[in-house]
Amino acid sequence: MLVFQKGKMGSVETKNRFVHSPTYEALASSDGSCTQELIDFNREIAEGGIGTNEISFAFVHESGRHLKGQVGVHDDAMIPGLKKLTEVHGATGVRSLIQIAHAGPHANETYSHAQSLAPTGMSNVKGGLSRTMTTGEIKKAVGWFVDAAKRVKSAGFDGVQIHAAHGYLVSAFLSPYYNRREDEYGGSFGNRLRFFLEILHGIREEVGRDYPIMTKMNSEDQVEGGLTREMMADVALALEENGIDAIELSVGSNTDKAVPTVSSPGVDPKTPEEEGYFKEAARIYKRKVKNTPLILVGGFRSLEGSELVLKEGIADFISLSRPLVREPGLVKRWQDGDTKRARCVSCNLCRKFLFSQKVPYLMCIPEMKLQGKL
């Protein structure tokens, strides 16, 4: 099967085409350092059969913190803990990446202790008000990402993923909804892309040509005046031309003005053909971007559905999030011959309880109840 064949992301070879998508787990210490619980969580994921583990949403600067228990890559003091995270992957053959991020207009002042930053100041979904960044602050922010990537490489990760989705800082610069600047960082497509390319080039200069740099970006913002699927394909092509090694497509923005245009994460696909929330966006991507591997996340629940997407050439890698919350060993189960669909039913309780702080970290509520742990 294609899903169990080796894959390539830049210079890195993966043992199969399954990826653990960055999934906020709320297990870091208050300063962003790694805990034993975070290490154990990722060990279980790594031992579950996937080819690549993307560790989630590590903040590059205090001003970009968004959530409690978020991992930090903002300081050299984080490196010893990050090294422990990479070590749990060694014996499994799983490739380890970490996603670096700045929440931008959606930073939470409770954790960032500062007014949130944005290309253009505006209110966010929590009622806060971000402020417009100066050109000098934009240049500093580029440096935050570059320094974070250097720490990621120093800690032994196989690659780094730049978070450019969901209306966070890089995503916000790309989006005409968030970015209403009239200087060299706003207005035209090229100007809105500038911040991202400066980060990409800065990281490449520091980590070298052979170190994989990837991104997670929106297939569309789902908000009037935001990034569209066609714009996404143009961004992806520009990133390919500037040396990105793989792109993961997601969707949506952290705004109450977002209007879903694809199946929501609460919709449970019933057949293999229904799996893959963002397949139409992926087809648009593939028509324009010829050489950069596409990682597709969202709505995969069966081995058959995952294989179908690869066979049709819609994507090159299948990324799983909630199915691995309920069943960390899902891919190993499939490879061992038990090909029943994932136990995840898209109930979204993992997300609901985590963000309501009713549980201290990411867990599958139905699974925990089934095991008598809740």
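Visitor: How do I read the packing of α4 and α6, and what angle do they make?
Guide: Two packed helices are described by the angle between their axes and the distance between the axes. Here α4 and α6 pack at about 35 degrees, and their axes are 9 Å apart. An axis is a line fitted to C-alpha atoms (for helices, over the stretch in contact), and angles run from 0 to 180 degrees between N-to-C directions. This is a predicted model, where local features need pLDDT of at least 70 and side-chain atom pairs count only at pLDDT 80 or more, while totals for chains, interfaces and linings use all residues. Residues are numbered from 1 along each chain as its sequence is written, and side-chain values use heavy atoms, leaving out hydrogens and water.

Visitor: Is the crossing of α4 and α6 left-handed or right-handed?
Guide: α4 passes α6 in a right-handed crossing. Right-handed means the near helix is turned clockwise from the far one, left-handed anticlockwise, by less than a right angle.

Visitor: Which residues of α4 and α6 meet?
Guide: In α4, look for I138, V142, F145 and A149, among others; the α6 residues they face as a group include F195, I199, G202 and I203. Contact means heavy atoms within 4.5 Å.

Visitor: What do α4 and α6 lie on?
Guide: Start with the barrel: eight strands close in the order β3-β4-β5-β8-β9-β10-β11-β12, with parallel pairing. Neighbouring strands of this sheet are turned by 25 degrees against each other on average, ignoring direction. Helix α4 (residues 135–154) packs on the sheet and touches β5 and β8, its direction making about 160 degrees with that of β5. Helix α6 (residues 189–207) lies across β5, β8 and β9, at about 160 degrees to β9. Helices (H or I, at least four residues) and strands (E, at least two) are DSSP runs, numbered from the N terminus.

Visitor: How many bridges join β5 to β8?
Guide: Four, and these two strands run parallel. Strands pair if DSSP finds at least two bridges between them. To find your place, look for I100, which stands opposite I162 in β8.

Visitor: How do α6 and α7 cross?
Guide: Their axes come within 11 Å and cross at roughly 40 degrees. That makes α6 oblique to α7; under 35 degrees is roughly parallel, over 145 roughly antiparallel, 65 to 115 roughly perpendicular, and the rest oblique. The crossing is right-handed. F189, L193, F196, L197 and L200 in α6 meet M231, D234, V235, A238 and L239 in α7.

Visitor: And what about α7 and α8?
Guide: The axes of α7 and α8 come within 9 Å, crossing at roughly 40 degrees, so this pair is oblique. Their crossing is right-handed. On the α7 side you'll find residues including M232, A233 and L237, while α8 brings E280, A281, I284, Y285 and K288.
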